[in-house]
Amino acid sequence: MSEIDIDALQKSIKVRPLKSDDYKRVVDLQKKSFSTMKPWTREQFSSQLRLFAAGQVGVEYEGVLIGSSSSLIIDFDEYSDNHSWQNISDNGYITNHDEEGDTLYGIEIMVDPDFRSMRIGKRLYDARKKLVRERNLKRIVIGGRVPNYHKYADSMSIHDYVEAVIDKKLYDPVLTFQVANGFVLKRIIKNYLTSDEESKGNALLLEWVNLHYQPRPAEFTLPSHPVRICSVQYRMRRIASFDEFAGQAEFFVDVASTYKSDFVVFPEIFTLQLLSFLPQERPGITVRKLNAFTRNYLDLFQQLAIKYAVNIVGGSHYSEESGHLYNIAYLFQRNGTVNKQYKIHITPNERRWWGVKAGDDIQVFNTDRGRASILICYDIEFPEICRIATRNGAQLFFVPFCTDERHGYLRVRYCSQARAIENQVFVATAGCVGNIPSVENMDINYAQSGIYTPSDFPFSRDGIAGECQPNVETVVIADVDLDVLRRNRLRGTVRTWQDRRTDLYDVIEKKNPPEKS
């Protein structure tokens with residue numbers, strides 16, 4: 001008998017974290033496993049990996065992904081007994097993931113039907129249990145499907161069906177597996193996932209308790225994540241040099257740092273002040289001279305952010321790229337990182353006077369005090385952008401603006417408050433006051449900068465954390481709390497973010513918008 005080549009018999013099966021490159025295969029698995037339900041969008045999948053990579057797990061066999069599971073951590077006491085899948089998972093984006101929570105909640109698990117005899121589901125649940133033990137969480141909770149119920153729905157209630165499965169009179173692939181895997185049935189949830197036709201929208205709340213859990217020391221205070229914001233209401237005036245501009249900017253950064261602010265926000269296009277000491281030509285030509293100061297501007301604010309240990313939203317600045325003029329807001333983080341956001345909607349005034357082009361990307365930035373987005377002036381008047389940024393995890397919105405009179409200011413102010421209410425986020429605005437008669441199209445300004453909150457009991461009266469007096473150079477400083485925001489999304493008087501009817505409508509970001517003529 002010839003010798004058997006052992007190496008040729010080797011098989012490779014491993015449990016591993018999911019990664020971005022797995023997206024297409026995960027979607028293929030979803031389509032095979034749940035043919036009547038929509039698969040993850042790229043945005044949902046990316047959000048899960050970004051917010052809780054450890055909770056997104058796959059099983060790979062011979063180099064092919066054949067199973068996966070998705071989960072998040074929550075404080076389970078903050079949710080209703082009759083929650084929905086959309087509510088508990090924030091529609092699959094898991095922006096409600098809470099590192100301080102006590103429960104691992106599973107929102108999806110699936111195995112390629114061609115490999116279901118290999119106990120892949122057990123491997124995925126073992127990985128979840130291992131994660132729960134490592135993080136000292138109390139439990140795993142899932143809203144389990146009942147995929148065979150549709151076969152009996154005409155003759156049995158969901159309660160009778162579940163009892164029959166528990167008594168082993170009927171077989172259900174999910175419930176039977178979960179009970180065998182150590183899960184305990186807690187209750188039936190109706191209207192959990194209405195798109196689950198096989199389960200008729202029902203789910204079973206199932207719990208696995210971590211016997212190794214060690215209770216944390218008793219605490220009588222709610223967790224807090226305070227963020228201090230300083231908005232600068234900046235007076236436009238004639239200056240003689242860039243150094244004079246730098247001195248004024250440093251003064252306000254120093255003020256913000258002295259009051260221990262986490263962010264200081266400057267107004268839109270306040271660098272137009274630099275044109276006051278340059279020869280004036282046609283507006284479209286003159287404004288491009290600002291590009292010569294771009295490097296100085298970037299170096300200045302990057303150095304100030306590091307020196308004063310404060311994150312700086314450097315207003316916005318007109319910069320020239322590939323021959324086009326863009327209105328760009330820069331975020332200078334105190335760790336030295338520099339981010340930028342292009343203005344997406346260009347006003348008729350900007351287009352007519354200066355020939356400004358629109359940007360296309362909606363950015364959300366990771367900072368040391370939360371995830372932030374910048375909407376430059378006119379952009380706050382388009383609710384779709386804020387919806388997309390919030391869905392991508394933004395909690396703080398900074399709105400540098402420049403408005404010439406009260407009507408324009410009120411558009412920015414009212415829309416900022418509307419966005420705070422619609423998305424249950426914080427919005428800070430910073431505007432220009434004063435005038436520069438020598439610079440065309442910057443002869444007057446009107447502003448009342450403010451920091452706005454959702455409108456509910458945990459927040460300041462009128463949804464205003466702080467506000468400047470109109471048309472004077474000053475700052476407003478206010479504290480906001482991201483944990484209060486998180487709890488308000490879950491248990492607020494109204495839940496405008498959680499209660500969106502995404503079964504009826506949605507906001508879709510086009511990744512490759514058509515070229516503008």
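Residues are numbered from 1 along each chain as its sequence is written, and side-chain values use heavy atoms, with hydrogens and water left out. Because the model is predicted, local features need pLDDT of at least 70 and side-chain atom pairs count only at pLDDT 80 or more, whereas totals for chains, interfaces and linings use all residues.

The secondary structure of the protein chain comprises 13 helices and 21 strands, where helices (H or I, at least four residues) and strands (E, at least two) are DSSP runs numbered from the N terminus. The C-alpha trace of the protein chain spans about 90 × 65 × 45 Å along its principal axes. Of the 517 residues in the protein chain, 54% are buried; here buried means under 20% relative accessible area, exposed over 50%, and partly exposed in between, with a 1.4 Å probe and protein chains only. Among the contacts in the protein chain with a separation of 6 or more, 71% are accounted for by residues 24 or more positions apart, a contact being defined by heavy atoms within 4.5 Å.

Helix H7 (242-258) has 17 residues and reaches 24 Å from its first C-alpha to its last, close to the 24 Å expected at 1.5 Å a residue, the expected span being 1.5 Å times one less than the number of residues. Its buried residues are Phe242, Phe245, Ala246, Gln248, Ala249, Phe252, Val253, Val255 and Ala256. The cover over these buried residues of H7 includes strand E8 (226-236), strand E9 (263-265), H9, E10 and strand E21 (474-481). Just after H7, Lys260 adopts a positive phi of about 60°.

Helix H9 (residues 294-308) contains 15 residues, which should span 21 Å at 1.5 Å a residue, and its end C-alpha atoms are 21 Å apart, in agreement with that expectation. Thr294, Tyr297, Leu298, Leu300, Phe301, Leu304, Ala305 and Tyr308 are the buried residues of H9. These residues cover an arc of only 165° around the axis, which puts them on the same side of H9; the arc is that of the directions from the helix axis to the C-beta atoms. Arg295, Gln303 and Lys307, on the other side of H9, are exposed. The buried residues of H9 pack against helix H7, strand E10 (311-313), strand E11 (317-321) and strand E12 (324-332). H9 is followed by Ala309, whose phi is positive, near 55°.

H7 and H9 pack with their axes 10 Å apart and at an angle of about 25°, where axes are lines fitted to C-alpha atoms, for helices over the stretch in contact, and angles run from 0 to 180 degrees between N-to-C directions. The two helices H7 and H9 are therefore roughly parallel to each other, since angles under 35 degrees count as roughly parallel, over 145 as roughly antiparallel, 65 to 115 as roughly perpendicular and the rest as oblique. The crossing of H7 and H9 is right-handed, a crossing being left-handed if the near helix is turned anticlockwise from the far one by less than a right angle, and right-handed if clockwise. The contact is made by Phe242, Phe245, Ala246, Ala249, Glu250, Val253, Asp254 and Ser257 of H7 together with Asn296, Tyr297, Leu300, Phe301, Leu304, Lys307 and Tyr308 of H9.

In a second pair, the axes of helix H5 (residues 158-166) and helix H6 (residues 173-180) come within 10 Å and cross at roughly 50°, which makes H5 oblique to H6. The crossing of H5 and H6 is right-handed, and the contact is made by Val162, Val165 and Ile166 of H5 and Leu175, Thr176 and Val179 of H6.

Most residues other than glycine have a negative phi. Glu62, in the loop between E2 and strand E3 (64-74), has a positive phi near 50° and is partly exposed at 40% relative accessibility. Ser322, in the loop between E11 and E12, likewise has a positive phi, near 50°, and counts as exposed at 76% relative accessibility.

Ala54 lies in the loop between helix H2 (42-51) and strand E2 (57-61) and, at 36% relative accessibility, counts as partly exposed. Leaving aside residues up to four places away in sequence, Ala54 touches Leu131 and Arg135.
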